[in-house]
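Start with how two chains meet. Then work down to single side chains.

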Number of protein chains: 2
Amino acid sequence: MSFKSDIEIAQEKQLLHIKEIAKKLAIKEDDLEMYGKYKAKLPLDLIDENKIKHNNLVLVTALTPTPAGEGKTTVSIGLTEGLNKIDKQATVVLREPSLGPVFGIKGGAAGGGFSQVVPMEDINLHFTGDFNAIEKANNLLSALIDNNLQSKENNLNIDPRTILWKRVIDMNDRALRDITIGLGGTANGIPRQDGFNITPASEVMAILCMTTDFENLKKRLGDIFIGFTFDKKPIFARDLKAENAMAILLKDAIKPNLVQTLEENPAIIHGGPFANIAQGTNTLIATKMGLSLSNYVVTEAGFGADLGAEKFLNIKSAFGGLNPKCVVLVATIRALRHHGGAKKEAYNTPSLEKVKTGFSNLEKHIENIRKFNIEPVVAINSFISDSDEEVNFVIEKCASLGVQAVLSKGWANGGEGTKNLATAVVDVVENKATQFKPLYNWESPVKDKIETIAKEIYGATSVEYDNRAKLNLRRIDRLGFNNFAICMAKTQKSFSDNAALIGRPENFVVTVREIEIAAGAQFIIPILGKMMRMPGLPSKPASEGMTIDNNGVISGLS
Amino acid sequence: MSFKSDIEIAQEKQLLHIKEIAKKLAIKEDDLEMYGKYKAKLPLDLIDENKIKHNNLVLVTALTPTPAGEGKTTVSIGLTEGLNKIDKQATVVLREPSLGPVFGIKGGAAGGGFSQVVPMEDINLHFTGDFNAIEKANNLLSALIDNNLQSKENNLNIDPRTILWKRVIDMNDRALRDITIGLGGTANGIPRQDGFNITPASEVMAILCMTTDFENLKKRLGDIFIGFTFDKKPIFARDLKAENAMAILLKDAIKPNLVQTLEENPAIIHGGPFANIAQGTNTLIATKMGLSLSNYVVTEAGFGADLGAEKFLNIKSAFGGLNPKCVVLVATIRALRHHGGAKKEAYNTPSLEKVKTGFSNLEKHIENIRKFNIEPVVAINSFISDSDEEVNFVIEKCASLGVQAVLSKGWANGGEGTKNLATAVVDVVENKATQFKPLYNWESPVKDKIETIAKEIYGATSVEYDNRAKLNLRRIDRLGFNNFAICMAKTQKSFSDNAALIGRPENFVVTVREIEIAAGAQFIIPILGKMMRMPGLPSKPASEGMTIDNNGVISGLS
């Protein structure tokens, strides 16, 4: 049996002109800012708070994932096709892929098989330039900081050893993680330690994803916390008068992008923050745009539900006044085997026993979603290696918990393979949806908020703080940042902060090692482990297998 | 008297939809790749070699400029307006501005006053993403190099001390000139010295500007010379299998961009290489596109004619088979005073004596242009501080040399102010144009080619080579790069390599300090002085004075 590659399937698709997709959303052609024939930016004035209230938001998240991922993007796109198949007007709202992983191991992020967004090459490459704009805004602030360090006029007396703001580049480039800059004499600035993160790890990305309009964007950009002066005063981006120029660089990036799915349904793709150190979902503006234009919006949050859904609900939905009406928990039989103790080489070998044991992980996620007053639906992302008895076990076990579990075959069959999933989601939205409630109030004390997440979502017995974290807590208090949201940075491989604890760990303590501040995004970021912000390339980079012919046709991109 | 700022003039203009501009060039709407309503990319298959032969190419260059510049871009745009006013179908073809200077001192590069290309904010900011694509292609190669250094598979044994390829960023950021990367332990690569250049200084930019199609682009990208192995073998980008992935990143950047002038005439803007270490003109593809679509094409080369025009003619026109029919030499009275010995504070004070003395500089440029078998026209870029007697002197003195000198008032009056200039240009094109001939043959020995330029164009008595340059010459010979074009890197402030020698210096020797290789661009770059490849920001960066309001309207951009 041989399969077509994702790019082959995508290239065979005869795309509709983006005008036709816009027409499905009742957008006038004159309101579109086209980027070629198949991409367009949408103006912010299409956002309509009244429509947002009446339309239906569906969040796609997952159980604790294996390294290969659970296929949330593919299920999100597939579910959108399925909803349209059963005559619901649905739009999928997704994150933009980062360029770095496209040339590394992971590949792009435009779905897979017969559940893709297209044109996949463009989406996976520069798209409409949003990441570039974010990168430039981030790096303008860096250049302004280093320029001020050696400036004779308006010198802010910044202590170079305290600068927390890093440069970014959208590339997997490990050699830039830890660098020394400003070498070579007095003309070249002040020598200091620095480093590059990958662009989606930029706070500017987190800010763009949380913002509502230009005023709010400028406020947040100005609020970015940079470090301290030699006499210990905090320095913000506004002290460098950076916020207007940074916002100017983001003037187009703030607008969501419209593309299409393989079945010619609307897809809005905008923003792409890291799911570990940021909220890991598309922009609030994009979600609101979707809800202003479409009766159903399917969206996705990064990593497992303990990270992605928790942040989507407690941070984005709480801040943005969103009311998600159903949460789809994506699970693969493979991941359930993993949580039941299967080794990597046995992931594709049926084992009812392992699935039974591993179900504890999914069960905890189901319980967690209900704590937000939302009913979940389980989507079993279908693989050839799944056995009927494993799949039936999951369906029956979920049913015993009052949850519908449905086989999702979007990868193989597009919307035809997800009609049952779509029907289950509509059933929850139309018959079981309530008013979602966040787990904590942003105004609560920082330690209370952290403890709520750790105990309620992770299942920890308590939270410990390393000395550095205790110092950080005092700094947060001194700077008056107590009422920010908590954006946990934890391994996605376990409910706990120990990647080895699969399934549903119990009787564990989580340790906060340090706490970072993203003052513009309004995040307090407790670090529960080592966070990677700049990936590397593999020994054989994906770039080696790519080609482009004389007509500009690409192959080898995935 | 108060003037409107460039951005105010630009914002008051009600732009035509880019479809309407395309219509003037007989481009079908379906062939346009729109980027919003006012920008579009043009497909390469609109290039028509037969039309190129029959249409008229006009090159705008300048006498040896003062630091403020002579206004070549403004004259190029103004002349295009004027040509259209006298019923010639004309298109201006320009370079894209770099983002770095926009936030520094220099500002953007979209013309000025009533001779501008619009939308100026977009053109001066990210435009259609070409610079970003070039930056990413450049930096992907960097990441592949550093990844290979520590790779266990396919390790090419590259000696990190020999790596010539640098990363780029489109930002004025002096602290990145000289850095150490790969610090922090075995996971972070191999420590080595490195640095960032500004994006227009990338060889990828030079390559994009010289290329003809995807096959040629891949060939050139693969030919990039990186450094040596520990056993002294040369390493090229193709050894890292980088050329396809780099070309994929450039799949849209290779297409020229269409915008409009303030008088709704077509402007093609594409590429933006440095004029010191590269050829300093827009892409060959853009020039050919203009000539395929328009009876007159006005284009511009960076710096004075000794650098910009020399390279445009000997490199770009010779390689691309172009036949420029007229060269416009832009001169300001201010610059003639400067070459006559006026100090900076007296630049705006009329002085016939100084202008008379300074004319020697312009005269040498006139002689030089004629060496290429092309007739020049002198455009006196009008300033309020010009006196009638100074202007009349220049006009009469030029007339005595058989050259038309015409006052150009495009900045103040748009096309209405350049009709006389346009008429003079048409006169040369229609009555005096001959077959241009380059000054040297690419196949000649390297030292002969360098000597030809130094003696014929600069007026040097001889060329000397430092020891390093002599070593470089042997390397070039060993690598078989003798038949590349010569891309001189010299101060733009003097005909000589000594910036202090104004006017028409004589009896001087130029010294080649070292010779670089841009093997993909096919350039041998003799370095005659210190070349700046990464500018810094000023004490008070331009970013501080910029604002953007809640409707996205920008002010303070220049």
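The paragraphs below cover confidence, then the interface.

This is a predicted model, in which local features need pLDDT of at least 70 and side-chain atom pairs count only at pLDDT 80 or more, while totals for chains, interfaces and linings use all residues. Residues are numbered from 1 along each chain as its sequence is written, chains are lettered from A and ligands numbered from 1 in the order in which they are written, and side-chain values use heavy atoms, without hydrogens and water.

For the complex, the predictor gives an ipTM of 0.96 and a pTM of 0.97.

Now the contact (heavy atoms within 4.5 Å). Chain A brings 75 residues and chain B brings 75 residues. Between them, about 6600 Å² is buried. That is accessible area (1.4 Å probe) that two parts lose on being put together, summed over both. Carbon and sulfur atoms give 58% of the buried area. On the side of chain A, His126(A), Ile248(A) and Ile548(A) lose the most area to chain B, together 10% of what that side buries.

The interface holds 6 salt bridges (a side-chain nitrogen of Lys or Arg within 4 Å of a carboxyl oxygen of Asp or Glu). Asp173(A) and Arg167(B) join their side chains in a salt bridge, at 3.0 Å from N to O.
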